[in-house]
Amino acid sequence: MKVLTNLSDLSKSDLVSLSEIVYLSTSVRKKEELGDLLRVVTHLIPTTGVVAGLPSKDPRHDSIIETERYMNVSYSISWLTLYQERKFHLVDPIFQNHFEYFGRQVWSETYKRVSTMAERKFIETSLDFDLDDGVTLGQRSYSGKGGSTFSFAGNEISRHSRHLTILDLLSPHLHAALSNIFLQSSSAAVSLTNREKEVLIWIKEGKTNWEISQILKVSERTIVFHMQNAMRKLGARNRVQAMATALSLRLIE
């Protein structure tokens with residue numbers, strides 16, 4: 001599912017705040033730091049709860065497995081405990097659909113399409129915790145085995161395009177920060193060539209592949225080649241995510 005963002009929804013103050021959040025995301029190394037960062041995001045988004053995770057699929061059964069790679073920022077502890085005990089991830093339509101495309105989901109819209117009794121019972125239970133609407137989004141890992149999940153609860157979020165635009169723009173940067181926390185051991189092994197770093201630096205400056213090819217005096221095909229190599233090494237799904245991950249790992253400045 002391709003999501004379009006509209007920068008005209010944002011004020012100058014919003015853009016300044018987003019720039020600060022993106023900058024802060026590059027220095028996140030601990031869960032506490034990501035928690036602080038997500039709390040800054042809540043100053044821009046009217047949310048009643050935030051939870052983040054990095055779930056993955058079981059390669060043997062292609063089914064979603066439970067993972068301890070998650071962090072609670074402001075969700076109800078009672079709800080999260082119940083969610084784990086009853087293995088709600090197996091029937092949660094938001095969670096299940098998230099693995100299909102990792103795009104932005106508005107809960108109320110997804111709930112309209114449920115078809116099983118188990119899903120309906122899950123929704124009824126979530127309503128007891130005032131979780132009737134919200135937004136979930138994230139980024140797929142390049143390996144395709146999983147990706148990030150950021151859930152923002154709140155009835156007001158989806159009613160204003162400004163809120164959705166902010167979340168869409170921050171998604172790759174939050175993904176990079178979350179991945180850096182939970183995948184530090186594998187991240188430490190990432191090594192980019194000088195040319196791959198050059199390409200990522202110019203992407204950070206907002207240049208297109210064609211513009212970078214003109215600057216570096218090589219073909220656009222060569223730029224794409226280096227970009228794809230960098231994406232593979234960084235576990236990124238797109239050039240922006242690759243750049244954000246490289247920044248968070250301090251591979252580029």
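Student: Why is Arg 39 called partly exposed?

Tutor: In this predicted model, Arg 39 has a relative accessibility of 39%. Buried requires under 20% and exposed requires over 50%, so Arg 39 counts as partly exposed.

Student: What makes the contact between Asp 36 and Arg 39 a salt bridge?

Tutor: The N to O distance between the two side chains is 3.2 Å. The rule asks for a nitrogen of Lys or Arg within 4 Å of a carboxyl oxygen of Asp or Glu, so the pair qualifies. Both residues lie in helix 2 (residues 31-41), three residues apart, about one turn of the helix.

Student: Why is Asp 36 called partly exposed?

Tutor: Asp 36 has a relative accessibility of 46%.

Student: What makes Asp 168 and Arg 104 a salt bridge?

Tutor: Their closest N and O atoms are 2.5 Å apart, and the limit is 4 Å. Asp 168 lies in helix 7 (residues 161-182) and Arg 104 in the loop between helix 4 (93-101) and strand 5 (105-106), so the pair ties together parts that are 64 residues apart in sequence. Both Asp 168 and Arg 104 are buried.

Student: Why is Ser 126 called buried?

Tutor: The relative accessible area of Ser 126 is 1%. The cut-off for buried is under 20%, so Ser 126 is buried. Ser 126 lies in helix 6 (residues 117-127) and touches Trp 79, Tyr 111 and Leu 131, not counting residues up to four places away in sequence.

Student: How do you know that Asp 130 is exposed?

Tutor: Asp 130 has a relative accessible area of 62%, and over 50% is required, so Asp 130 is exposed. Its place is in the loop between helix 6 and strand 6 (134-137).

Student: Which residues form the negative surface patch?

Tutor: Glu 124, Asp 128, Asp 130 and Asp 132 form the patch. Asp and Glu count as negative.

Terms used: Residues are numbered from 1 along each chain as its sequence is written. This is a predicted model: local features need pLDDT of at least 70, side-chain atom pairs count only at pLDDT 80 or more; totals for chains, interfaces and linings use all residues. Side-chain values use heavy atoms; hydrogens and water are left out. Helices (H or I, at least four residues) and strands (E, at least two) are DSSP runs, numbered from the N terminus. Buried means under 20% relative accessible area, exposed over 50%, partly exposed in between (1.4 Å probe, protein chains only). Contact means heavy atoms within 4.5 Å. Patches are made of residues with over 30% relative accessible area and no salt bridge: like charges are joined within 9 Å, nonpolar side chains (Val, Leu, Ile, Met, Phe, Trp, Tyr) within 5 Å. Accessible areas come from the Shrake-Rupley method with a 1.4 Å probe; for residues, only the protein chains shown count as cover. The place of a charge is taken as NZ of Lys, CZ of Arg, CG of Asp or CD of Glu.
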